[in-house]
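Reader: Hi! I have a model open and would like to talk it through with you. Could you take my questions as they come?

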Amino acid sequence: MKKVWDRHWDKLNKKQSISGKLLTFYRKNIIANAVSYYIEKYFPEKGTFVEMGSGTSQTSVKINKKQRTIIALDISKPALVEAKKIPQVDKVVQGNILHLK
């Protein structure tokens with residue numbers, strides 16, 4: 001499973017195809033608005049939040065951090081390299097959400 005996701009994110013990160021650019025735009029401008037809305041509406045202004053299966057965390061770009069600590073957790077290292085670039089992300093953790101201890 002990890003190899004499949006690593007290949008997926010490597011491919012998207014290395015060659016920004018038209019579909020890759022479109023997906024990036026969609027994540028940052030459509031999904032990110034929804035994530036921000038629901039975080040503000042349903043979650044407290046402080047605490048630790050773990051984005052499980054975060055991928056590149058592009059959907060977190062519009063979160064108003066306030067006193068929140070945001071952790072990106074994903075199985076793919078190439079995705080987490082990109083997630084580190086998102087200002088809202090405080091920490092990245094590589095792991096499989098199906099095998100957490």
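Reader: What share of the residues in the chain is buried?

Author: Buried residues make up 35% of the 101 residues in the chain. Buried here means under 20% relative accessible area, exposed means over 50%, and partly exposed is in between, with a 1.4 Å probe and protein chains only. Do keep in mind that this is a predicted model: local features need pLDDT of at least 70, side-chain atom pairs count only at pLDDT 80 or more, and totals for chains, interfaces and linings use all residues. Residues are numbered from 1 along each chain as its sequence is written, and side-chain values use heavy atoms, with hydrogens and water left out.

Reader: Thanks. Which pattern does the chain follow along the sequence?

Author: The pattern is α-α-β-β-α-β, and the secondary structure comes to 3 helices and 3 strands. These are DSSP runs numbered from the N terminus, with helices being H or I of at least four residues and strands being E of at least two.

Reader: And how does the radius of gyration sit against the globule rule?

Author: The chain has a radius of gyration of 14 Å, close to the 13 Å from the globule rule for 101 residues, so the chain is as compact as a globular protein of that length. The radius is taken over C-alpha atoms, and the rule is 2.2 Å times the number of residues to the power 0.38. Along the principal axes, the C-alpha atoms fill a box of roughly 35 × 35 × 20 Å.

Reader: What about contacts between residues 24 or more positions apart?

Author: They account for 48% of the contacts in the chain with a separation of 6 or more. Contact means heavy atoms within 4.5 Å.

Reader: Let's pick a helix residue. Is alanine 32 buried or exposed?

Author: Alanine 32 is buried, at a relative accessible area of 0%, and lies in helix 2. Setting aside neighbours within four places in sequence, alanine 32 is in contact with Arg27, Gln58, Thr59, Val61 and Lys62.

Reader: Where do tyrosine 38 and tyrosine 42 lie?

Author: Both are in helix 2 (residues 18–42), 4 residues apart, which is about one turn of the helix. Ring pairs link Tyr37, Tyr38 and Tyr42 into a cluster. Tyrosine 37 is partly exposed at 46% relative accessible area, tyrosine 38 is partly exposed at 45%, and tyrosine 42 is exposed at 55%.

Reader: Switching to backbone angles: what is phi of serine 57 near?

Author: Phi of serine 57 is near 60 degrees, a positive value in a residue other than glycine. Most residues other than glycine have a negative phi. Serine 57 is in the loop between strand 1 (46–52) and strand 2 (67–74), and counts as buried at 0% relative accessibility.

Reader: And lysine 66, what is its phi near?

Author: Phi of lysine 66 is near 50 degrees, again a positive value in a residue other than glycine. Lysine 66 is also found in the loop between strand 1 and strand 2, but counts as partly exposed, at 38% relative accessibility.

Reader: Last topic, charges. How many positive and negative side chains are there?

Author: There are 20 positive and 8 negative side chains, and the centres of the two sets lie 4 Å apart. Lys and Arg count as positive and Asp and Glu as negative, leaving out His and the chain ends; each charge is placed at NZ of Lys, CZ of Arg, CG of Asp or CD of Glu.

How values were computed. Phe/Tyr/Trp six-rings, centres within 6.5 Å; stacked < 30°, edge-to-face > 60°.
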